[in-house]
Amino acid sequence: MRSWDDAAATLAADIAADSPWRDAVSRTPRHLLVPNWWEQDGFDWRLHRGIPDTTSWIDTAYADRTLVTQVGELHADMAGDDVGPPSDRPPTSSTTLPSLVLRMFDVAEIEEDMRVLDLGTGSGYSAALLGHRLGDDRVLSVDVDEYLVDAARRRLAAFGRVPRMAAVDATHTLPEDGFDRAVAMFSTRTIPSTWLAAVRRGGVISTTLAGTSLHLRVTVTDATHAQGRVVSDEARFMRARTGPEDGSALHRVYLSARTAEGDEVRAFDGDVPNLRDDRRLALLLELLRPAIDHRWIDLDDRSVVWLLHPSGSWARAEVPKSGGRPTVHSAGPLDLWGHLDRARQLTSEHGPIDPLSLAIEIDPDGRRITWPAAGLSFPL
């Protein structure tokens, strides 16, 4: 069996060979932060424990992969061996794949003398890396979930890491300010005012836009002004939560939308897009109408696409394989299919949206993400 430090050194060589984070990755015992985790097995969640199978534990913990630690309200630490979370519950916490953690750090351009706000403690892995490189006293790690903070604090202390930590909803309050950098390990649909107030003038926020894989770099001018840009389209995190578990609203909408007739039924001209594959169209739809979830299934006689929204609105398009016209069923206060039509129209007029062209502007009048090619701005 290989030792954890050998495994960590291999991981560091793979993802941080020429990085200032290499020593932190190679010397951080990630496995101690994730003794238990969930893995999706079909529609169910399967519990894994590290202690009975140390070899598998080491191999898994030092792979460059995300490990889900909490599903719904059930953390893997608290689960019985024969009881898993309901299959319809979403993941609510994880330890992010290490290479993505480093990308978030690199975009922030963190240097040794900086104070850093770690938004989203999770397992404590990002706080461990920051504490190793900068010193624990320069790190504040926060999470909305008190259990996650307490567990991470205990596990970090077991190998000598003692960053400052707090259980708070960082989208509404933070206990300190004056940070040089803020790095968010969860996604939001805006840049919260609390983050702007916590970061000094000229400081940088590295974060992601909820519902997309957009990675944003935002430079703070003051508590009400900032500018930024999209630096990549390859970063995706769980959405911000306001408590241990925010429910499964979308799943309930999906149960209604699976086969219901709906309030309106109409024939549809044209192809029905698979938003899972057409990422740029899916991005534009998210900017036009945030929080639309989309699902696709291919059946023997037809393909089906669903658009779902937490408001209870839904649309379902059924595409017969016999060659007939697609039929769209819909219900609820929002015209989700209308938003999709608008996204397709804009794509036809201006071409596919280029994520790296998008700019972020924040001032007292609001928060905007701008698509220069179309001359359009969308509220954040």
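**Entry 1: Arg368**

I looked up Arg368 and found it in strand E19, residues 366-371. The model is predicted. Next I checked its side chain: a polar contact of 2.7 Å joins Arg368 to the side chain of Asp363. I then listed contacts of Arg368, leaving aside neighbours within four places in sequence. Asp363 is on that list, along with Ala359, Ile360 and Glu361. Ser377, Phe378 and Leu380 are in contact with Arg368 too.

**Entry 2: H5 and H6**

I turned to helix packing. Two packed helices are described by the angle between their axes and the distance between the axes. For helix H5 (residues 98-108) and helix H6 (residues 125-134), I noted an angle of about 55° and axes 11 Å apart. H5 and H6 are therefore oblique to each other. Their crossing is right-handed. From H5, the contact uses Pro98, Val101, Leu102 and Phe105. From H6, Tyr125, Ser126, Leu129 and Leu130 take part. I sorted the contact of H5 with H6 by class: seven nonpolar residues, one polar and no charged.

**Entry 3: H10 and H11**

I took helix H10 (residues 279-288) and helix H11 (residues 336-350) next. They pack at an angle of about 120°, and their axes are 9 Å apart. That angle makes H10 oblique to H11. I recorded the crossing of H10 and H11 as right-handed. Which residues of H10 meet H11? I found Leu281, Leu284, Leu285 and Leu288. On the H11 side they meet His339, Leu340, Arg342, Ala343, Arg344, Leu346 and Thr347. By class, I logged seven nonpolar, two polar and two charged residues in the contact of H10 with H11.

Terms used
Residues numbered from 1 in each chain as written. Predicted model: local features only at pLDDT ≥ 70, side-chain atom pairs only at ≥ 80, totals over all residues. Heavy atoms only, no water. Helix = DSSP H or I, 4+ residues; strand = E, 2+ residues; numbered from the N terminus. Polar contact = N/O pair within 3.5 Å; in protein donor to acceptor, adjacent residues only side chain to side chain. Contact = heavy atoms within 4.5 Å. Axes fitted to C-alpha atoms, helices over the stretch in contact; angles between N-to-C directions. Parallel < 35°, antiparallel > 145°, perpendicular 65-115°, else oblique. Left-handed = near helix turned anticlockwise from the far one by under 90°. Nonpolar A, V, L, I, M, F, W, Y, C, P; charged D, E, K, R; others polar.
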